Amino acid sequence: MIRKLNNKGMTVVEILVTFLLVAVIIVSLYDGIVALKNKETIASYKLSLVTYRDLLTKDIQDDLIKIGLSSAQTSSLSDGTGYRITMALRDGSKRILEVKQQFGCNAVDAIEVDELCVKAGIDKNASDDFSISYGPEGDVVEYPLPNLGREELDNLDNSGTHTISALRINEVDISTANQVFSLRIVLNHPDLGSKYSIDIVSPINYP
């Protein structure tokens, strides 16, 4: 007796189930790859920021510890966008530390401009401009903040764009109270917070 083979093939339901299973597997793999990529990016950002903070802190602290600090005076930058700290060392030399803290307008539409920019005195087409410079008087060197992501926003009254940085200098706190110089530069990033800020502390005229 000869049996007849079933030549009906796959049913519509079987094809649909197979398609759904493949789709679920592809979406899961894609989500996993995106999550891994995000973790790698954040890890890279962290390494860049930690390296930047440690190198700058070491350069400043080396002078303050090895030579010693006699006095520290703070003034505003000539354009009013930050601070200039003049540190007199015990060998008679001076070190200059400049922190530029110019916020750009991060409003994405006309509705946000008044709340986020106008009330804060920020030009609606201004870009972020943050930098830290340090060195002997007359030979100050800029330490550019690492690029940990930037966004180009359309200007609201012309065809150009302005740049907003993910890494920003949120606060600058300077004190010479009780013969102790302290400086905190708060570096803030959406994915890293302000954990990796710059902290400098040194006694003034320590014998």
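I looked up the handedness of the link between Cys105 and Cys117 first, and with 90 degrees about the S-S bond it is right-handed. Cys105 lies in the loop between β3 (94–102) and α2 (110–116) and Cys117 in the loop between α2 and β4 (129–136), so the pair ties together parts that are 12 residues apart in sequence. Helices (H or I, at least four residues) and strands (E, at least two) are taken as DSSP runs, numbered from the N terminus. I noted 2.0 Å between the two sulfur atoms of this disulfide, the term being given to a pair of cysteine sulfur atoms within 2.5 Å, and I counted 1 disulfide in the structure. Both Cys105 and Cys117 are buried, where buried means under 20% relative accessible area, exposed over 50% and partly exposed in between (1.4 Å probe, protein chains only).

I recorded that this is a predicted model, in which local features need pLDDT of at least 70 and side-chain atom pairs count only at pLDDT 80 or more, while totals for chains, interfaces and linings use all residues. Residues are numbered from 1 along each chain as its sequence is written, and side-chain values use heavy atoms, with hydrogens and water left out.

I then turned to the sheet, which is open and has 5 strands in the order β1-β2-β3-β4-β5 with antiparallel pairing; two strands pair if DSSP finds at least two bridges between them. β1 (69–76) and β5 (141–144) stand at the edges with a single partner strand each, so one side of each has no neighbour in the sheet. I found 7 bridges in the antiparallel pairing of β1 with β2 (residues 82–89).
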